[in-house]
Amino acid sequence: MRTRQITLPPDAHILVVKLATIGDLLLATPALRALRETYPQAHIDLLVTPASAGLLDGWEVIDRVIVLDKYLFDYPQQLFKNPRNLLRLRPLWHDLRDGNYDAVLLMHHLTLFFGCLKHQILMRATGAKWRIGLNNGHGWFLNVRIKDNGFGAMHEAQYNLAVAEAAGATTSDKRLTVPINDKEHQQASQLINETEIIEHPMINRPIIAMHPGSGGYSVARRWAPERFAQLADTLFQDVGGQLILMGGPEEAELHQQIIGMMQSGMPVRSFAGKGSIRVAAAVLEQADLFVGNDSGLMHLAVAVGTPTVAIFGLTNSDAWGPYTGGTPGQQALVVKLDLPCMPCFYRGHDLGTPEGCMTRDCLAMLGVDPVAVAARRLLRKTGKWHSMKEVRRGD
């Protein structure tokens, strides 16, 4: 069967599969909202990885989060080396069978053969009548198929919405969402205010958050640390403010490297590994500007409404650029070069080269000025621009 769109029962049991990192899960939140708005009486479960499992806890859209450590089964060799890992799938198999799902929605591209095989087994294990997903010619196991025109033909958030739409679900609210509770807001405020940086209010603001890392997958996405240091110095000379470096505990050394390279007197702190990912979201919510590489934290900044400058090189900005969902007043800009080889990672229907080429000209040739111009533009639009010349005259 090759149905383009179906309608589910009002009380349907729905499983959404998004075995991805935090950034990719955020890009699925508009589609999840569409399912809940269209089927308010439905039972909606979400299958995720351990890394993103806590991101949407407490969000009323989701009834239950199920966790699968997919990274134990990424390659066939892993099964040969550790066949006992298959035993870990037994509880999941019972969960999927006991869910009595009417439909399972796969929010992934079918890029690699082994991945297609895993997704087929996973979806058939649910016993669901409807198996819905993107089809690039390899979706033989789907019976509701949405044409996949390749990475970047649509934004990833739009592809996810298209999968939800195939199940009859729509929404006018296409914002990314991360639920943040009062405790997490309080922890973020304590982090930001734990040290009084400078008494002068014009220098205390703006709060500029930067993420010079990229997570563990494809560190080739990173703009050079010395460029981040130069950017911070440039913005401090222009607008004052303070700098917060964001990232996981594995990026603490990178933060110290940047701090050591800075030449200005800009107050700077590293929040590497401080607090959960949702505390990080609450910190970003209080920032006046975010500048960072293509990463989950960039999407997190967009989700909380922080003006965002996203630096792209080898990755596909048409697929993974900041997604505002048409939210009025939300500001986000992509800064990148225009080289004929870009993007080389996730291009067309292929994975491409996660580590890029030897020289990585797409990032090596991207100077500080274009990023600084984008940052100033957003600060002006949001009213957070304060000329340091005016501050000095006030002194």
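Q: What covers the buried residues of helix H6?
A: In this predicted model, "buried" means under 20% relative accessible area with a 1.4 Å probe, protein chains only (exposed is over 50%, partly exposed in between). Helices (H or I, at least four residues) and strands (E, at least two) are DSSP runs numbered from the N terminus, and contact means heavy atoms within 4.5 Å. The cover over the buried residues of H6 includes helix H2 (29-38), strand E4 (103-106), strand E5 (130-135), strand E6 (144-147) and helix H13 (317-320).

Q: How many residues of H6 are buried?
A: Local features here need pLDDT of at least 70, side-chain atom pairs count only at pLDDT 80 or more, and totals for chains, interfaces and linings use all residues. Residues are numbered from 1 along each chain as its sequence is written, and side-chain values use heavy atoms, leaving out hydrogens and water. Among the buried residues are Glu 156, Tyr 159 and Asn 160. H6 (residues 156-166) is largely enclosed by the rest of the structure, because the buried count among its eleven residues is nine.

Q: Which residue just after H6 has a positive phi?
A: Let's step past the end of the helix. With a phi of about 85°, the residue is Gly 168.

Q: Which residue stands opposite Phe 290 of E10?
A: Five of the five residues of E10 are buried, so this strand is largely enclosed by the rest of the structure. E10 (residues 289-293) pairs with E7 (residues 207-211) in the parallel sense over four bridges, and there Ile 208 stands opposite Leu 289. Four bridges also join E10, again in parallel, to E11 (residues 308-311). In E11, the residue opposite Phe 290 is Thr 308.

Q: How many of the residues lining the second largest pocket are nonpolar?
A: Nonpolar means Ala, Val, Leu, Ile, Met, Phe, Trp, Tyr, Cys or Pro, while Asp, Glu, Lys and Arg are charged and the others, Gly among them, polar. The lining has three polar and three charged residues, and its nonpolar count is seven.

How values were computed
Two strands pair if DSSP finds at least two bridges between them.
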